[in-house]
Amino acid sequence: MLSRLISGILGILCITIGSVSAQVSDIEKKMTSYIDDTNTRALELLIKTVNMNSGTMNFEGVREVGDILGSEFEKLGFSYEWSDGSSFNRAGHLVATYRGKNAKKKLLLIGHLDTVFEPDSPFQKFEMVNDSVAKGPGIADMKGGNVIMLQALGALKEAGVLDDLDITVVMTGDEELSGRPLELSKKALIDAAKYADISLGFENGDGNPETANISRRGSVGWTLTVKGVRAHSSQVFREDIGAGAIYEASRILTTFYNELRDEEYLTFNPGKIIGGTAITHDPGSSSGTAFGKNNVVAESALVTGDIRAISQEQLERVKKRMTAIVNDHLPQTQAEIEFGDGYPPMAPTAGNEKLLEIYSKVSEDLGLGEVVAVNPLRAGAADVSFTAQYVDMAIDALGMSGTDGHTIGELGYLKALPNQAKRAAVLMYRLSQMNN
Ligand SMILES: [Zn+2]
């Protein structure tokens, strides 16, 4: 009681002095000093892992990066195991756990080991661009985020507060090109989310340290298959011949466009159309062929596309409306739409908003400025999306800021390494001290 009173008075004194650090407790200062003191080592680990190729389909490389990071988790007192990926044709995932003795909160920390750069890519090595920017395959997406996560956990350990948290880390080996079926490739992640209270993603977000993701649109694919009656073109529209498959396909697409395009945060895009008398379609290579003559009413048409939605509710509602539009056939045609599996949306819940508020306060207290939500129209699906529906709060983009991800010009901002690690460490600490 007395000590609380004294620290309260000290707190007020410090605030009146007006220093930024007034808002940062001694434990938190210990964490930020640790991060500054060990930044060189963190950078070395980043360089080492960026220089190891871990394109999604390079299973050995993904596993090697996993083992390097796994041993780093072991040094912090975590136990780690490799969750095998052969059932979904990928390398697998790193799962590390720390069950703190005094934990009130269960956190899930999400990273990924793979990159879009396979061994045949010309982009393989870390390279300094200037003293604050470096270039490298997966530097921001997301080997930087993995190192930031380790740095933040190291800081919690150094400050003696790691035992206040129950932590599960899942670093997937196939974020960039998910193994199928998704129910197997995302199982480790979903199991960990069901166990956790809060999910923290260390992706690079939109590359700007002033923003984080509290919602991401999900995406699912669809295939529209249309049939008409083959006949001479001079007989099109006759009662028993009808409109043909191509008219029916275009009616459906135009109605989607007219009736659904005003939905907020929704997009739907037909990416491919094939139509004629005889068609072939190979979904594996996203290609097909068509044969048709101008004087023949089209017998077949096929369209494939995607839908991106902000919430499961929106997705289900839109699927129903699309299905109803499809079923309203033109004369003598049939059509069917099938929806594939995909990435679920991460809805902007009140819990996620609260978590962003806490994170933004942490950042301001550290003198690193406010953090606001990324416009979900600019945020694609990510691994955190699979976890969001099972936890009370979720946020993503705690990782390394940078630009030009997925291109051979990918850059990472090296200042983000200590800054983001400090934010993450203080965030996790404050979450550990919350009562509900
Ligand atoms: Zn990524």
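Trainee: What share of the 436 residues in the chain is buried?
Mentor: Buried residues make up 46% of the 436 residues, where buried means that 20 or more other C-beta atoms, placed from the backbone, lie within 10 Å of the residue's own, exposed means 12 or fewer, and partly exposed is in between. Keep in mind that this is a predicted model, in which local features need pLDDT of at least 70, side-chain atom pairs count only at pLDDT 80 or more, and totals for chains, interfaces and linings use all residues. Residues are numbered from 1 along each chain as its sequence is written.

Trainee: How many helices and strands are there in the chain?
Mentor: The chain has twelve helices and 18 strands, which are DSSP runs numbered from the N terminus (H or I over at least four residues for helices, E over at least two for strands).

Trainee: At what angle do α2 and α12 pack?
Mentor: Helix α2, residues 26–37, packs against helix α12, residues 416–433, at about 150°, and their axes are 9 Å apart; the axes are lines fitted to C-alpha atoms, for helices over the stretch in contact, and angles run from 0 to 180 degrees between N-to-C directions. That makes α2 roughly antiparallel to α12, since angles over 145 degrees count as roughly antiparallel, under 35 as roughly parallel, 65 to 115 as roughly perpendicular and the rest as oblique.

Trainee: And which residues meet there?
Mentor: From α2 come I27, E28, M31, T32, I35 and D36, and they meet P418, A421, K422, A425, V426 and Y429 of α12, with contact meaning that the C-beta atoms, placed from the backbone, lie within 7 Å. The residues of this contact divide into eight nonpolar, one polar and three charged, counting Ala, Val, Leu, Ile, Met, Phe, Trp, Tyr, Cys and Pro as nonpolar, Asp, Glu, Lys and Arg as charged, and the others, Gly among them, as polar.

Trainee: What about F237, is its phi positive or negative?
Mentor: F237 has a positive phi of about 80° although it is not a glycine, and its place is in the loop between β9 and α8. Because F237 has 13 C-beta neighbours inside 10 Å, it counts as partly exposed.

Trainee: And A243, buried or exposed?
Mentor: A243 counts as buried because it has 20 C-beta neighbours inside 10 Å. A243 is found in the loop between β9 (218–227) and α8 (245–260), and its contacts, leaving aside neighbours within four places in sequence, include F237, G228 and L330.

Key. Two residues are in contact if their C-beta atoms, placed from the backbone, lie within 7 Å.
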